[in-house]
Amino acid sequence: MATVTNGHTEAPKTNGSSSTVTHNGTKKSQAWILNAFAMNTPCHLSPGLWRHPRNRTTEYKKLSFWTDLAKTLDEAGFHALFLADVLGCYDVYKGPANHGPAVGVGAQFPVNDPLYLVPAMSAVTKNLVFGITASTTYEQPYSLARRFSTVDHLSEGRVAWNIVTSYLDSAARNFGLTDQVEHDKRYALAEEYMEVLYKLWESSWRDDAVVEDRETGIWAVADRVRQINHKGEFFSVPGPHICEPSPQRTPFLFQAGTSKTGRAFGAKHAEVIFAGSQLPEKLRPSVDAIRQLAQEQGRDPYHVKVIASMCVIVDETDAAAQAKHDELLSYGNKEGALALFGGWTGVDMSAYTDDEDFRFVKMPMIQSIVNGWTDTVPGSKDLKWNKERIAEYLILGGFSAKAVGSPKTVVDILEQWVEIADIDGFNLSHVTNPGSFEDIIQFVLPELKRRGHFRSPPQREGETAREQFFGTPWLLDDHPGHKYRWRAPSSE
């Protein structure tokens with residue numbers, strides 16, 4: 001089992017092989033999905049690290065920062081650059097509604113819209129997919145459909161949508177609500193939202209609607225474009241979709257819901273689900289539940305790819321990686337870490353004393369989180385998990401599991417995660433950017449290639465996102481959105 005000792009990972013015992021459970025229960029070698037995880041902000045998951053001399057995230061407002069990153073990842077063979085997003089400030093810590101701690105250190109604030117980066121990044125890359133986070137709670141489906149169709153056109157089909165329902169009270173207030181929409185209602189709204197989108201993307205234009213006939217002057221055949229006439233509990237959308245069908249019609253679908261309702265939603269709609277835990281053994285039940293729920297929806301359970309969050313700190317040797325970890329940690333900001341923790345959990349840590357041991361606080365959610373961390377750090381059960389220790393743990397990579405060591409150590413750990421948790425790959429966060437991804441490219445990718453875990457180049461340059469993951473630009477036959485597709489008679 002992979003473990004972390006004061007940030008240093010002890011390598012698990014492994015035979016060096018990679019395996020993934022398949023439909024019939026057998027196992028086969030398979031390349032892993034590798035996504036880079038970032039955010040259009042000075043500081044994503046590692047508060048304070050924008051000050052590090054290797055880091056350039058202060059340039060997040062410049063297109064050149066993003067095009068340089070995209071080219072680096074594309075040339076290395078990463079599957080996707082996944083960009084997180086939020087619509088409010090992390091203002092729980094030292095609250096109520098106190099934006100000071102997060103804003104002061106740039107902890108996911110300010111944050112710019114990630115979707116506008118895609119055209120520039122796609123113009124300088126050939127295969128990299130761009131996963132963009134957008135919420136179903138605060139934007140009408142008609143406008144979101146237009147934005148993503150536009151970018152799917154401009155990227156030639158390399159855009160993915162990370163479906164979220166939003167979780168910050170500060171976002172709700174900024175969209176005119178007194179309180180955040182209740183959790184299960186957000187997912188009920190999202191369920192209808194997806195129905196509207198499938199109708200717009202898949203059902204509004206027939207495959208052969210656009211003819212571009214220069215002789216007759218006909219751009220599209222009018223009776224091959226139709227209204228969707230959706231009337232539901234939350235939305236009334238007559239249509240038709242204002243954009244012609246994009247290369248994928250429906251963008252590739254990501255999702256990261258962790259609640260029971262969120263897992264059910266993801267198992268129905270998502271093609272890739274992001275999941276997180278501190279130990280693969282603890283992640284496996286969630287993965288099994290997702291696959292079971294997908295099967296209950298009539299989907300092949302392995303048509304839902306599951307990838308785990310991971311923060312990798314790697315160098316030539318274990319000792320060098322540990323020294324790098326310690327040096328990076330010295331730039332961290334604990335107040336920023338507690339601000340992020342407050343946003344993620346809704347818990348204001350300033351209400352507790354500095355010596356409070358959160359293993360014993362009568363709050364099940366916090367106890368569960370902290371106990372998960374103690375299980376990953378040998379000997380930590382005898383240590384006090386007070387605010388300072390929690391903040392120190394969060395500074396490098398936030399809630400992500402952490403792998404620190406040499407290339408062999410890191411890949412041994414990743415193999416254990418794939419084997420034990422039955423996952424399909426990893427969402428790799430950065431501590432510094434540039435820095436973390438370049439280290440992964442230099443040290444980790446050669447070891448992955450040596451062990452057969454790294455993908456071969458796409459069969460042709462410019463494949464759509466869905467083609468790279470599933471071999472087709474369209475929603476698979478067992479996906480709920482597939483039934484809405486309006487085909488030309490010749491393609492039926």
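Modeller: Two strands pair if DSSP finds at least two bridges between them. Helices (H or I, at least four residues) and strands (E, at least two) are DSSP runs, numbered from the N terminus. The model is predicted: local features need pLDDT of at least 70, side-chain atom pairs count only at pLDDT 80 or more, and totals for chains, interfaces and linings use all residues. Residues are numbered from 1 along each chain as its sequence is written, and side-chain values use heavy atoms, without hydrogens and water.

Biologist: In S17, which residue is the bridge partner of Ile 307?

Modeller: Strand S17 (residues 425-429) pairs with S15 in the parallel sense, over five bridges. In S17, the partner of Ile 307 is Gly 425.

Biologist: Which residue in S16 stands opposite Ile 313?

Modeller: S15 also runs parallel to strand S16 (residues 401-405), and five bridges join them. In S16, the residue opposite Ile 313 is Val 404.

Biologist: How many residues of S15 are buried?

Modeller: Buried means under 20% relative accessible area, exposed over 50%, and partly exposed in between (1.4 Å probe, protein chains only). Strand S15 spans residues 305-314 and is mostly covered; its buried residues number ten of ten.

Biologist: Why does the pair of Trp 344 and Phe 399 tie together parts that are apart in sequence, and by how many residues?

Modeller: Rings of Phe, Tyr and Trp (its six-membered ring) pair if their centres lie within 6.5 Å, and planes under 30 degrees apart count as stacked, over 60 as edge-to-face and the rest as tilted. The whole structure has 26 aromatic pairs; Trp 344 and Phe 399 form a tilted one, 5.0 Å centre to centre with 40° between the planes. Because Trp 344 lies in helix H10 (residues 334-345) and Phe 399 in the loop between helix H12 (387-395) and S16, the sequence separation of the parts is 55 residues.

Biologist: What is the relative accessible area of Trp 373?

Modeller: Phe 399 is partly exposed, at 30%. Trp 373 forms a tilted pair with Phe 399, 5.9 Å centre to centre and 50° between the planes. Trp 373 is in helix H11 (residues 364-376), and the two residues are 26 apart in the chain. Trp 373 is buried, and its relative accessible area is 1%.

Biologist: The charged end of which residue sits over the ring of Trp 474?

Modeller: A charge sits over a ring if NZ of Lys or CZ of Arg is within 6 Å of the ring centre and within 35 degrees of the ring normal. Over the ring of Trp 474, 4.2 Å from its centre, is the charged end of Arg 485.

Biologist: How many residues are in the largest nonpolar core?

Modeller: A nonpolar core is a set of buried Ala, Val, Leu, Ile, Met, Phe, Trp, Tyr and Cys residues joined through side-chain atoms within 4.5 Å. Among the members of the largest core that touch the most others are Trp 161 and Phe 426. The residue total of this core is 79.
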